[in-house]
Amino acid sequence: MHTVIAAQEERMKKAVAALKEGFAALRTGRASAALFDRIRVDYYGDKSPLSQVANITIPEARLIVIQPWDKAMIAEIEKAIRSSELSLNPSNDGKVIRISIPPLTEERRKELAKLAKNQAEQSRVSVRNIRRDGNEELKKLLKGGELTEDEESKNTLELQKLTDSYITKINQVLEEKEKEILEV
């Protein structure tokens, strides 16, 4: 496989990974530790990821328990969660923070599904742009005499197959997320 194609495949992998990361932050009606991936807590003057200052567990489908390693961090963690865009209401007993995940309304489910579709479409566009960049590089190599027409056409076809496979992966990731969002 040509290095141009390998480089484009690497970029496509990153596009799918970015989509999965974006989907992890979409709150469904189910508890997930990934909801807190973007939350930073003020830990002795430094903004640290929540996962580095506390243990996050999911004992039930709609319950998240956060146990700080340092009990003095409870107020800071609660503040960070309340000020996030997650719209969650944490409560604590002095040792652990409990967060009940309320079930989503039908309207909110449809909103989230639409948001997920938009994110997936952005990823598909990104993958197609990567294909275009790869094709342009192959054309430059052809003009520069580094590739024959047969090699360029073979690599272009290979790049198209790669694009199709990553679009399929994006569609599968979207399908799984929609199923998760829409389940009651």
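Two strands are taken to pair if DSSP finds at least two bridges between them. Helices (H or I, at least four residues) and strands (E, at least two) are DSSP runs, numbered from the N terminus. In this predicted model, local features need pLDDT of at least 70 and side-chain atom pairs count only at pLDDT 80 or more, while totals for chains, interfaces and linings use all residues. Residues are numbered from 1 along each chain as its sequence is written, and side-chain values use heavy atoms, with hydrogens and water left out.

## The four-stranded sheet

An open sheet of four strands is present, with the order β3-β4-β6-β5 and antiparallel pairing. Its edge strands are β3 (54-60) and β5, each of which pairs on one side only. Between β3 and β4 the antiparallel pairing extends over five bridges, and Ala54 stands opposite Pro68 in β4. Strand β4 (residues 63-68) is in turn paired with β6 in the antiparallel sense, over four bridges. Here Ile64 has Ile99 of β6 as its bridge partner.

Strand β5 (residues 91-92) is joined to β6 by two bridges, and these strands run antiparallel. In this pairing the bridge partner of Asn92 is Ile97 of β6. The hairpin of β5 and β6 has four residues between the strands, and Gly94 takes a positive phi near 95°.

In a regular strand the side chains alternate between the two faces of the sheet. Strand β6 (residues 97-100) has Ile97 and Ile99 on a covered face, whereas Arg98 and Ser100 belong to an uncovered one.

Strand β1 (residues 40-43) and strand β2 (residues 46-49) run antiparallel and are joined by four bridges. Arg40 stands opposite Pro49 in β2, and Tyr43 stands opposite Asp46 in β2. Two residues lie between the strands of this hairpin, where Tyr44 takes a positive phi near 50°.

## Helices α1 and α4

Two packed helices are described by the angle between their axes and the distance between the axes. The axes are lines fitted to C-alpha atoms, for helices over the stretch in contact, and the angles run from 0 to 180 degrees between N-to-C directions. For helix α1 (residues 3-24) and helix α4 (residues 149-182), the axes come within 10 Å and cross at roughly 10°. The two helices are therefore roughly parallel to each other, a term used for angles under 35 degrees.

Contact means heavy atoms within 4.5 Å. Residues of α1 that meet α4 include Ile5, Met12, Val16, Leu19 and Phe23, and on the α4 side the contacting residues include Leu159, Leu162, Thr163, Tyr166, Ile170 and Val173. One of these, Tyr166, has Lys169 over its face, at 4.3 Å from the ring centre. A charge sits over a ring if NZ of Lys or CZ of Arg is within 6 Å of the ring centre and within 35 degrees of the ring normal.

## Selected residues

Relative accessible area sorts residues as buried (under 20%), exposed (over 50%) or partly exposed (in between), with a 1.4 Å probe and protein chains only.

| Residue | Relative accessible area | Class |
|---|---|---|
| Thr163 | 1% | buried |
| Leu26 | 8% | buried |
| Ser165 | 31% | partly exposed |
| Glu183 | 34% | partly exposed |

Thr163 is found in helix α4. Not counting residues up to four places away in sequence, Thr163 touches Met12, Val127 and Arg131. Ser165 is also placed in helix α4. The C-alpha atoms of Ser165 and Met12 are separated by 9.9 Å, with the two residues 153 apart along the chain.

Leu26 lies in the loop between α1 and β1. With residues up to four places away in sequence not counted, Leu26 touches Leu35, Leu112, Leu115, Ala116, Gln119, Lys177 and Ile181. Leu26 and Leu88, 62 residues apart in sequence, are 13 Å apart in space, C-alpha to C-alpha.

Glu183 is placed in the segment after α4. Its contacts, not counting residues up to four places away in sequence, are Arg30 and Arg109. From Glu183 to Ser87 the C-alpha to C-alpha separation is 20 Å, and the two are 96 residues apart in sequence.

Conventions:
Angles under 35 degrees count as roughly parallel, over 145 as roughly antiparallel, 65 to 115 as roughly perpendicular and the rest as oblique.
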